[in-house]
Amino acid sequence: MGFASRSLWGTSLSLLVLVSSVAHADPIVPALIIFGDSVVDVGNNNNLNTVIKANFPPYGRDFVNHRPTGRFCNGKLATDFTAEYLGFTSYPPAYLSQDARGNNLLTGVNFASAASGLYDGTARLYGAIPLTQQLKYYKEYQTKVNLVGNAKADEILSGGIHLLSAGSSDFIQNYYINPLLNGVYSADLFSNRLMRFYSTFIQNLYGLGARRIGVTSLPPTGCLPAAITLFGAGSNQCVERLNRDAIAFNEKLNSTSKSLANNLPGLKLVVFDIYEPLLDMILKPSDNGLFESRKACCGTGTLETSVLCNARSLGTCSNATQYVFWDAFHPSEAANSVLSGDLLTQGFDLIS
């Protein structure tokens, strides 16, 4: 068993040596399997009856084929960079896409759905794929992988890294705007509910054979351009109340994860801190080779995301490499590149 919530630089040298040693060999792990929300969705929402989509320009304009894929970004996601660092030559395909078939499934798959959360009610509000349904798809995926033989399938599933990104939508797209929740639960009590859903998910995933699991913390939600616009009361600064809620949530996430790792034999569970790295980029963008952190690239940069970020959006920047945010909720490819380096460093325990 093992739990880790590492500092960003503590294992960087060891990891650099490890990654360099396999730069021209097989991937470090057999598979990369992803669950969660829009931060890691690569196109599962494309054919759903939902407005939360990103399969149209200008999304994807800086991706490898310069075409929208369903990623909520101008280019690569942090998980795309992670796949490259781990030695994969392709990215885990969206499970609901035509690419998720045959040998493509043997190196991983992506079940994430934009607007999903730890709480299934969040996904249902927007017609997204709830986390419990993502887990059902995972069971279905296992039967497909088993076609290569039980021994090989067990190696893929137990040795593969499983990543979860969830929680932001539960707050930004549900709790803060839903009187049926914020009128009943304090943010602290709502976090407790989310922890129960998280704990159940991890235990179920473990029960299905996963042994290497990474989960991302909440980002500084009060610093997202859309959050400042919606909840900042006219201020141009980060909304401290939202950031305090995120910090409190992350503390619960760490303690819950430690308890899970202690009680589930053989489980490696890592909490990836994205709060501090992203906050650092927002407060000191120039230190990370960036320039603009208050406004996003797309449109006015203050609210646009999904259908509001489109080819007709006025004001979209011509060069997103200087921006922390691509749209008002999601990091740019440039920011994702920085974040992925932090994730890789923190994730040493998952691949060692």
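Tutor: Let's start with Lys 152 and Glu 155, whose side chains meet in a salt bridge at 3.9 Å, N to O. Keep in mind that this is a predicted model.

Student: What makes the contact of Lys 152 and Glu 155 a salt bridge?

Tutor: The cut-off is a Lys or Arg side-chain nitrogen within 4 Å of a carboxyl oxygen of Asp or Glu. Lys 152 and Glu 155 stand at 3.9 Å, N to O, so the pair qualifies. Behind this is a general idea: side chains of opposite charge can pair when their charged atoms come close.

Student: How far apart are Lys 152 and Glu 155 in helix α5?

Tutor: They are three residues apart in helix α5 (residues 150–159), which means about one helical turn between them. In general, an α-helix has 3.6 residues a turn, so residues three or four places apart point the same way.

Student: Why are Lys 152 and Glu 155 called partly exposed?

Tutor: Partly exposed is the range between under 20% (buried) and over 50% (exposed). Lys 152 has 40% relative accessibility, so it falls in that range. Glu 155, at 43%, does so too.

Student: How many salt bridges does the structure hold?

Tutor: There are seven. One of them joins Asp 280 and Lys 284 at 3.1 Å, N to O. Both partners count as partly exposed, Asp 280 at 27% and Lys 284 at 42%.

Student: How do you know that Lys 252 and Asp 188 form a salt bridge?

Tutor: Their closest N and O atoms are 3.0 Å apart, and the cut-off is 4 Å, so they pass. Lys 252 lies in helix α10 (residues 240–263) and Asp 188 in helix α8 (residues 187–207), so the pair ties together parts 64 residues apart in sequence.

Student: Is Lys 252 buried or exposed?

Tutor: Lys 252 has a relative accessible area of 18%; buried means under 20%, so Lys 252 is buried. Asp 188, at 40%, is partly exposed.

Student: What does the side chain of Thr 256 reach?

Tutor: It reaches the backbone oxygen of Lys 252 at 2.8 Å. Thr 256 lies in helix α10 as well. Leaving out residues up to four places away in sequence, Thr 256 touches Met 195, Tyr 198 and Ser 199. The C-alpha atoms of Thr 256 and Met 195 are separated by 7.2 Å, although the two are 61 residues apart along the chain.

Student: What makes the Thr 122 and Asn 174 pair a polar contact?

Tutor: The side chains of Thr 122 and Asn 174 meet at 2.9 Å. Thr 122 sits in helix α3 (residues 120–126). Its relative accessibility is 0%, so Thr 122 is under the 20% limit and counts as buried.

How values were computed. Residues numbered from 1 in each chain as written. Predicted model: local features only at pLDDT ≥ 70, side-chain atom pairs only at ≥ 80, totals over all residues. Heavy atoms only, no water. Helix = DSSP H or I, 4+ residues; strand = E, 2+ residues; numbered from the N terminus. Buried < 20%, exposed > 50% of the residue type's maximum accessible area, 1.4 Å probe, protein only. Contact = heavy atoms within 4.5 Å. Polar contact = N/O pair within 3.5 Å; in protein donor to acceptor, adjacent residues only side chain to side chain.
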